[in-house]
Amino acid sequence: MPVARDVLLYPDPRLKQVAAPAQPAEAERVAADLLATMDDLGHCVGLAAPQLGELVRVVVVDVSEHPKGGDHNGRLVLVNPRIVTTEGAEVGREGCLSIPDLTANVRRASRIAVEYAGGKVESEGFEARCIQHEIDHLDGILFLDRVASIVDDVFRRKTYSG
Ligand SMILES: [Zn+2]
């Protein structure tokens with residue numbers, strides 16, 4: 001049974017490692033846990049296997065419920081994904097479940113094509129940003145590694161107590 005699991009927090013060293021290609025049975029098991037965890041968190045738009053301590057190349061993305069979702073591909077499960085083309089660039093605000101206290105302005109490609117085990121997908125805008133963020137996790141890259149200026153581009157998340 002897939003289960004919602006705890007998300008590793010920075011600076012857990014597993015978040016900085018390069019994940020290995022996923023074999024089919026393992027990919028299926030990890031993808032199911034990623035989806036269960038994403039659903040459990042509600043507000044989450046994507047998750048990568050290393051965030052669950054699984055050092056294999058599997059990510060899930062689903063921006064369909066997000067106000068910035070725009071054009072999207074619904075629920076994506078990408079096993080061994082590889083960005084094959086990129087176009088354009090834009091800066092946008094990102095956060096990460098593994099770094100819950102911070103957000104940052106990050107430059108990403110505007111449009112991408114991704115090949116993965118069993119298919120190919122094209123994406124743009126907010127969804128493309130999420131896919132790039134999640135694929136970075138597979139190479140041990142966190143969004144803070146991509147900011148132009150730690151001083152000007154990183155922000156403490158506002159907390160609302162009630
Ligand atoms: Zn993240």
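Which residue forms a salt bridge with Arg-75, the closest N and O atoms being 3.1 Å apart? Asp-62 does. The model is predicted: local features need pLDDT of at least 70, side-chain atom pairs count only at pLDDT 80 or more, and totals for chains, interfaces and linings use all residues. Residues are numbered from 1 along each chain as its sequence is written, and side-chain values use heavy atoms, with hydrogens and water left out.

**Salt bridges at Arg-75**

- The whole structure holds 14 salt bridges (a side-chain nitrogen of Lys or Arg within 4 Å of a carboxyl oxygen of Asp or Glu).
- Arg-75 also pairs with Asp-39, at 2.7 Å from N to O.
- Arg-75 sits in the loop between E2 and E3 and Asp-39 in helix H1 (residues 24–41), so this bridge ties together parts 36 residues apart in sequence.
- Helices (H or I, at least four residues) and strands (E, at least two) are DSSP runs, numbered from the N terminus.
- Arg-75 is partly exposed at 41% relative accessibility, and Asp-39 is partly exposed at 46%.
- Asp-62 is buried at 14%.
- Buried means under 20% relative accessible area, exposed over 50%, and partly exposed in between (1.4 Å probe, protein chains only).

**His-72**

- His-72 lies in the loop between strand E2 (58–61) and strand E3 (76–79).
- With 35% relative accessibility, His-72 is partly exposed.
- Beyond its neighbours within four places in sequence, His-72 contacts Val-63, Ser-64 and Glu-127 (contact: heavy atoms within 4.5 Å).
- A polar atom of the His-72 side chain is 3.0 Å from the backbone nitrogen of Gly-74.
- The C-alpha atoms of His-72 and Glu-124 are 7.8 Å apart, across 52 residues of chain.

**Zinc site**

- Cys-96 (SG), His-133 (NE2) and His-137 (NE2) are the protein donors of the zinc ion, at 2.1 to 2.2 Å.
- Donors are N, O and S atoms within 2.8 Å of the metal (3.2 Å for Na, K and Ca); water is not among the atoms, so sites may look incomplete.
- The donor spacing in sequence is C-x36-H-x3-H.
- Cys-96 belongs to strand E5 (residues 90–96) and His-133 to helix H2 (residues 125–138), so the pair links parts 37 residues apart in sequence.
- Cys-96 is buried at 7% relative accessibility, and His-133 is buried at 7%.

**Salt-bridge network**

- Asp-136 and Arg-146 meet in a salt bridge at 2.6 Å, N to O.
- Asp-136 lies in helix H2, and Arg-146 in the loop between H2 and helix H3 (150–153).
- Asp-136 is buried at 8%, whereas Arg-146 is partly exposed at 39%.
- Shared partners join Glu-94, Arg-108, Arg-129, Asp-136 and Arg-146 into one network.

Definitions and conventions: A polar contact is a pair of N or O atoms within 3.5 Å; within protein, one must be able to donate a hydrogen and the other to accept it, and residues adjacent in sequence count only if both atoms are side-chain atoms.
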